[in-house]
Amino acid sequence: MINLREVVETNEMITKENLDVRTITLGISLLDCIDSDLKRLNEKIYQKIYEASRDLVETGEKIARDFGIPIVNKRISVTPIALIGGAACRTEEDYVAIAKTLDKVAHEVGVNFIGGYSALVCKGMTPADELLIRSIPKALAVTERVCSSVNLGSTKTGINMDAVKLMGEIVKETAEYTKENDSLGCAKLVVFCNAPDDNPFMAGAFHGVTEADKIINVGVSGPGVVKTALTKVRGENFEVLCETIKKTAFKVTRVGQLVAQEASRRLGVPFGIVDLSLAPTPAIGDSVADILCEIGLEYAGAPGTTAALALLNDQVKKGGVMASSYVGGLSGAFIPVSEDQGMINAVEAGALTLEKLEAMTCVCSVGLDMVVVPGETSAATISGMIADEMAIGMVNQKTTAVRVIPAIGKKVGDTVEFGGLLGHAPVMAVNPYSCEAFVNRGGRIPAPIHSFKN
Amino acid sequence: MKNTIITVVGKDTVGIIARVCTYLAENQINIEDISQTIVQGYFNMMMIVDTSASEKHFGTIVEDLHSLGEEIGVEIKAQKEEIFDKMHRI
């Protein structure tokens, strides 16, 4: 039987160390909504999402109440809209109409984000893919809750450099369209290499075409819990350090598994995966950077940061994998800048640069995330940053992503404020030298030799 | 039917257990186990209870106990046992 000490430990994780379930994400396939008539398509999309998800928020709240564990977000991911709209959309405006439908149904059922305004173009773009991509700036400006993602490369296909070039321009344009709000649109837009089909986290969640009609995916969080556990083993060797992280990750992930199974049972939707994640928030103490400091660094970004992050990421997976029957998504420590007070402090102290962040993305999920750069950064430079990150993902057979915000009108040293979970961030310096001739070559970078495993 | 864990955390005062037990008795909630300790100067009590005979919805019990806690000046939670079981037992 459970004892008092264990009960107190769990509840302290929840009340003092910000343990929560970050998101229950309901994946919904829209493949059966495809129609060549735009009006009918929009009606079918609305109907399918509404029917599937009208009980999602209430069920999430009941689970939270029954177990006394906060479930921060209830979200929806759908089949990449480039595929769904292909038969009906002739103009960018047609795609924007679908974005508005998604936004409307998201408001109606009460979820805070809906992901899947997406295109998968890792090898090539169809006209529909390109149309959707070109509609992203407008779609993100006229909607509130729609999130967009584009898969630009994979280990198996290489990197679609035409799409990388285009996305540099789209990111800039999205920033311009939402410049009144510190270019907030870019916070809802992410590009990937090796994008997973079952990611529950925004902005990159979409419901892959290999998935079932509906599925429940859950993302857990608990940087504060890991940090607190590590304060008790200060000065101990790496074995003790790693064991402590592993055990803590196990406990955190078990909560995610429980919530995922309950949500699946109560909604009558199959359980997909638990994403073994350490996802920070701007709340004090809910920081991955603070864990790195607890491991022994003065600031995130100091020499040793990549090694510390590598071990953290690995132990989180090792602990989490036994705690859940199915794992997937992005799984690992997230290192967004604006959503993590420790990361913000490191940038402001001059300890963390974009180049060091890039190195860190080699060993963790996901990539350059919520990084704010000067508004005058050129589209080609953003494409160059994207290409670098895609190359890391492609060669290391892992997911990498870029969610970069060129804040219009802002310079290095300024701060932008997104509010809520998205936090605030200092504008970071970008390498000023040009990569334009590289980006303008066009075509695609071939898949690496070690991808040929057949 | 899984049990429910009720926890009471706060400064020790006279009659905490009496007030909680009265509420449980009035609502046909059976106490199966009870333990308490003082952690860092704070009163920590845990009850394992069975709510299956109660006519009240679980959500109402959670809210009632929360309000009772506010009245007494302690924090009272009711949570389904599975969260602790899952976390601490393989």
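What share of the 90 residues of chain B count as buried? The share is 32%, where a residue is buried if 20 or more other C-beta atoms, placed from the backbone, lie within 10 Å of its own.

This is a predicted model, in which local features need pLDDT of at least 70, side-chain atom pairs count only at pLDDT 80 or more, and totals for chains, interfaces and linings use all residues. Residues are numbered from 1 along each chain as its sequence is written, and chains are lettered from A in the order in which they are written.

Chain B has three helices and four strands, arranged from the N terminus as β-α-β-β-α-β-α. Helices (H or I, at least four residues) and strands (E, at least two) are DSSP runs, numbered from the N terminus. Chain B has a radius of gyration, taken over C-alpha atoms, of 13 Å, close to the 12 Å of the globule rule for 90 residues, so chain B is as compact as a globular protein of that length. The rule is 2.2 Å times the number of residues to the power 0.38. The C-alpha trace of chain B spans about 35 × 35 × 20 Å along its principal axes.

Chain A is assigned two domains, with bounds from an automatic or database domain assignment. Their centres, taken over C-alpha atoms, are 22 Å apart.

Note on methods: Buried ≥ 20, exposed ≤ 12 C-beta atoms within 10 Å, placed from the backbone.
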